[in-house]
Amino acid sequence: MPRVFSGIQPTGEIHLGNYLGAVQHWVAAQERSSAPDQALYCVVDLHGLTLPWDRATYAEGTRRTAMLLLAAGLDPERCTLFVQSHVHQHTELTWLLNCIATFGELRRMTQFKEKSAGQESVSVGLFDYPVLMAADVLAYDTEQVPVGDDQRQHLELARDIAIRFNHRCGDTLVVPEASIPPVGARVMDLQNPTAKMSKSLDSPQGTIRLLDDPSAITKRIKSAVTDSDNEIRFDPGAKPGVSNLLQILASVTDEPVEQVAAGMAGQGYGALKGAVADAVVEFVRPLQARYAALEQDPAEVGRILEVGAERAEGIAAVVLERIRNAVGLLPRPR
């Protein structure tokens with residue numbers, strides 16, 4: 001199996017869309033790996049600092065994100081799970097790659113334009129974080145990066161930087177390829193079914209977080225936006241709200257969405273929302289139980305993250321030394 005790297009920010013809480021769109025594919029990938037260093041997954045806490053953050057809760061949010069990934073099925077015996085800031089090679093490599101990347105490339109990044117729009121002042125980190133993302137990937141000789149549409153531009157930048165570095169300094173960096181996850185759920189906001197479910201606080205009633213209690217999940221699903229004709233069919237263009245509910249039901253029951261739609265036909269929106277709520281509650285129940293167990297054993301969580309950081313650092317240190325030599329830096333006397 002080619003080496004795979006992916007990461008998730010600890011800002012906000014992992015929701016159903018994150019799980020169905022990304023994390024379940026990470027769990028599947030670890031099952032195909034021949035060793036834990038072939039599938040690397042990272043809580044990218046440094047990326048979360050590019051926008052305002054809460055100093056008092058940030059560390060705990062990082063730990064909670066790691067526990068959620070473990071509860072979702074990541075196995076430290078089959079993959080490497082670690083926290084980005086625990087491996088210093090990420091930031092050192094970012095500086096070296098900053099000297100390869102160009103201002104024009106970063107200025108064209110779509111996410112920077114969107115996040116900085118209307119702001120009088122933005123941090124240099126928000127502008128530069130695509131280079132940190134490139135360092136995250138290139139530090140591990142990553143061969144494949146699972147990407148969705150919103151991250152394709154960043155991976156293309158990482159590839160361009162690697163190719164330019166190899167041209168200037170010799171064949172040093174592995175040029176990563178995009179790995180397109182299997183077609184899965186694109187879970188939309190329950191209150192705005194034309195927008196993806198988000199970890200931000202902009203639409204709390206439209207988001208199903210993995211740790212929400214059953215009553216909150218049920219309430220939000222039963223309040224989901226649909227339309228006025230009460231016909232159940234899968235038609236994302238004409239009936240985005242109903243189609244989103246059908247997609248969620250199909251994903252958590254592992255059935256084709258067309259089959260789910262046919263089974264719910266003629267039953268009305270109340271029945272559909274009830275079926276979705278019941279299915280989602282049952283779907284997250286074992287994950288929540290595993291999370292509760294991890295919460296009772298913080299020392300074990302710390303041990304897992306330390307083992308992951310050591311394993312990741314062992315890989316990144318070798319790669320960074322190779323890069324330093326290619327750049328022509330004076331080696332430290334030993």
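**Ground rules**

I am working from a predicted model, where local features need pLDDT of at least 70, side-chain atom pairs count only at pLDDT 80 or more, and totals for chains, interfaces and linings use all residues. Residues are numbered from 1 along each chain as its sequence is written, and side-chain values use heavy atoms, with hydrogens and water left out.

**Strands**

I took helices (H or I, at least four residues) and strands (E, at least two) as DSSP runs, numbered from the N terminus. I call two strands paired if DSSP finds at least two bridges between them.

I looked up β1 (residues 4–8) and found that it pairs with β2 in the parallel sense, over 5 bridges. I8 has V43 of β2 as its bridge partner.

Next I followed β2 (residues 39–43) across to β3, and this pairing is also in the parallel sense, with 4 bridges. Here Y41 has L81 of β3 as its bridge partner.

Then I asked myself: are the faces of β2 covered or open? I found both covered, with A39, Y41 and V43 buried on one side and L40 and C42 buried on the other. By buried I mean under 20% relative accessible area, with exposed over 50% and partly exposed in between (1.4 Å probe, protein chains only). 5 of the 5 residues of β2 are buried, so the strand is largely enclosed by the rest of the structure.

I checked β3 (residues 80–83) in the same way: T80 and F82 are buried on one side, L81 and V83 on the other. A reminder to myself on why I list two sides: in a regular strand the side chains alternate between the two faces of the sheet.

**F82**

Contact here means heavy atoms within 4.5 Å. Leaving aside neighbours within four places in sequence, I find F82 in contact with residues including F5, L40, C42, H90, Y140 and L305. I also noted E310, which is 228 residues from F82 in sequence but 8.7 Å away in space, C-alpha to C-alpha.

**Helix pairs**

Two packed helices are described by the angle between their axes and the distance between the axes. My axes are lines fitted to C-alpha atoms, for helices over the stretch in contact, and angles run from 0 to 180 degrees between N-to-C directions.

I started with α3 (residues 89–98) and α6 (residues 124–138), whose axes are 8 Å apart at an angle of about 115 degrees. The crossing is right-handed; a crossing gets that label if the near helix is turned clockwise from the far one by less than a right angle, and left-handed if anticlockwise. From α3, H90, L93, T94, L97 and N98 meet α6 residues, among them D128, V131 and L132. I count this contact as 7 nonpolar, 3 polar and 2 charged residues. For those classes, Ala, Val, Leu, Ile, Met, Phe, Trp, Tyr, Cys and Pro are nonpolar, Asp, Glu, Lys and Arg are charged, and the others, Gly among them, are polar.

I then turned to α6 and α7 (residues 152–169), which pack at about 70 degrees with axes 9 Å apart. Y129, P130, M133, A134 and L138 of α6 meet H154, L157, A158, I161 and A162 of α7. By class I get 9 nonpolar, 1 polar and no charged residues.

**Loops**

I found K196 in the loop between β5 (177–179) and α8 (214–222). K196 is partly exposed, at 43% relative accessible area. Not counting residues up to four places away in sequence, K196 touches D150, R186, V187, M188 and D189.

N230 counts as partly exposed, at 43% relative accessibility.
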